[in-house]
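Welcome to my notebook. I wrote these entries while looking around, and you are welcome to follow along with the structure open.

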Amino acid sequence: MKGEQLFKHIISGQMGGSLGDALRGGLEKASKVYERVIEYRNERYNHPKHVQRVAVPVISIGNITVGGTGKTPMVRYVCETLDTAHHNVSVLSRGYKADNNKKPIVVSRQGTVDVSSFISGDEAWLLAKTLPNANVIIGSKRVESAKIAVDELQSDVLVLDDGFQHRALGREADIVLIDASHPFGYGAVLPRGLLREPLENLKRATYIVLTKTNQIDPEQLKILREDIHALAPLVPVAETIHQTVGFQTMEEWSHNGSIHGISDYDGTPLLAISGIGQPSSFISNLKSYGFTVQDMMSFGDHHDYSEEDVVKLWERCFKTGIQGIITTEKDAVKLSQVRAIRDLQIPVYVLVIGIAFTKGEEDFKSYVLQIAKGK
C-alpha cells in the first residue's frame, strides 16, 4: 500500500486494532498543534493591515479540504463567464510542483503558452492550455503576481486559484468548493483528517459550491446542505456535477484537436489510470457515461509519470488483453511529455470534463459578474 493510500486507510478508520487507534491518536495530537497554527494565522489576516489589495476585483476559488474538489473546472467556468463579458482575466496560481515558484512566472498571455509544465506545474499549465483568452501566472507570492497581472498585462479582474487559505492578497469574493462525495475530510484537520482548517471557517466564504452532487443520493445531499447551512447560514450555496464533455486521443488533446462525443466510443475495454486526489470520482464518471472500465491503476496525487510507469501500463495491458487506456486531463499533462507513451502501440484517450450546475447557476453567474464590475 502506497504512502497516500496508507494515510487515508489510517485516518478513515479502515485500519482497525490497537495499531490503528495508536496512529490516529498520534495524528490527533499533531492536528491540535496544526489547528492552533492555523487559528493564529487567520487571526493575523483578520486585520486589514496585514492584507494587501490591488486596484481590480479579485475572485478566489478554493476549498477547505485537501484533494480534488474540482477547482480546475470551476476556474475554467468562471474565466469563461468573465470572458463572455469581455473582461481581461488573469489567473493567479501557486504553481504546485512547479520547477521554481518563488518568483512570479507568466505561463501564458492571452492563451499563448510560454513555458513547459515542468516549469509551471501541471494544473497551471492545463489552465493555460484551455483558456484561450486569459493570462496565467504562477508564484508563491500571489501579491507579486497580482501586480504583474494589473500593471503589465492590464487585467481588470483576477481569479485566485486555490486561494481560500492564501489570505495575504485581498479579495472581493471567496468561492469555496465542497466535494459532496467526501465533504468534510473525515471531520478533522490535518494530519488527523483532510481539513485544511476548521469547518467553522466556512463562514468566511462568500459563496459555496457543492461539486459531484450526482455521486450521493438525494437524502445525503439534503443532509449535507443542512450541515453547511448550520456552519455558514448566510452563505449562498449552488450545486454542480462533473460532466463529461467528451474524449480525445492523446495526440488530439496535445494539439487542441476535436473532441469526440460519447457516441463515438466503440466499447473497447479500457485501463483507467489516474494520479488525482479522488480517483474513485474519475472511475465513477467513466462508468456513468458508458465507458467500459476493465481495470484501473491509481497513482499519488500530482504524480510525475516516468518511462518506467509507461512500461508498467504496457505490461498491465499485455497481461489482461486490454486494448485501450483512458486518463484525466491533469494526468495527460505529464504523460504526454513521457517519450515512451508515443511508442506504446496502445490507444491512449483523455477524458475531457466540465462542470455543470444543477442548482443556482444564474444566481452564481450574476454574482461573479457583479463582483467583476466592482459592485
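**Entry 1: helix α6**

I began with the buried residues of helix α6, and they are R142, V143, S145, A146, I148, A149 and V150. Buried here means under 20% relative accessible area, exposed means over 50%, and partly exposed is in between, with a 1.4 Å probe and protein chains only. Helices (H or I, at least four residues) and strands (E, at least two) are DSSP runs, numbered from the N terminus.

A note on what I am reading: this is a predicted model, where local features need pLDDT of at least 70 and side-chain atom pairs count only at pLDDT 80 or more, while totals for chains, interfaces and linings use all residues. Residues are numbered from 1 along each chain as its sequence is written, and side-chain values use heavy atoms, with hydrogens and water left out.

Back to α6, which runs over residues 142–151 and is mostly covered, with 7 of its 10 residues buried. I then looked up what those buried residues pack against, and found β2 (89–93), β3 (105–109), β5 (135–138) and β6 (157–161). Contact means heavy atoms within 4.5 Å.

**Entry 2: helix α7**

Next I checked the length of α7, residues 218–231. At 1.5 Å a residue its 14 residues should span 20 Å, and the end C-alpha atoms are 20 Å apart, which agrees. The expected span is 1.5 Å times one less than the number of residues.

Which residues of α7 are buried? I found L221, L224 and I228. They cover an arc of only 60° around the axis, which puts them on the same side of α7. The arc is that of the directions from the helix axis to the C-beta atoms. On the other side of α7, I noted H229 and A230 as exposed.

The buried residues of α7 pack against β7 (173–179), β8 (207–211) and β9 (237–249).

E239 counts as buried, at 7% relative accessibility. Leaving aside neighbours within four places in sequence, E239 is in contact with L210, T213, L221, R225, A356, F357, T358 and K359. L221 in that list is one of the buried residues of α7.

**Entry 3: aromatic pairs**

How many aromatic pairs does a search of the whole structure find? I got 11. Rings of Phe, Tyr and Trp (its six-membered ring) pair if their centres lie within 6.5 Å; planes under 30 degrees apart count as stacked, over 60 as edge-to-face and the rest as tilted.

I picked out Y207 and F364, an edge-to-face pair at 5.2 Å centre to centre with 85° between the planes. This pair links distant parts of the chain, with Y207 in strand β8 and F364 in helix α12 (residues 361–372), 157 residues apart. Y207 is buried, with a relative accessible area of 6%, and F364 counts as buried at 0%.

Then I turned to Y265 and F291, a tilted pair at 4.7 Å centre to centre with 45° between the planes. Y265 lies in the loop between α8 (250–254) and β10 (270–274) and F291 in the loop between α9 (279–288) and β11 (293–298), so the pair ties together parts that are 26 residues apart in sequence. Both Y265 and F291 are buried.

I also noted a cluster, in which ring pairs link Y77, Y207, F357, F364 and Y367.

I looked up S60 in strand β1, residues 58–63. S60 is buried, with a relative accessible area of 0%. A polar contact (a pair of N or O atoms within 3.5 Å; within protein, one must be able to donate a hydrogen and the other to accept it, and residues adjacent in sequence count only if both atoms are side-chain atoms) of 3.1 Å joins the side chains of S60 and D174.

R109 sits in strand β3. It is partly exposed, with a relative accessible area of 41%. Leaving aside neighbours within four places in sequence, R109 is in contact with D114, A134, N135 and L153.
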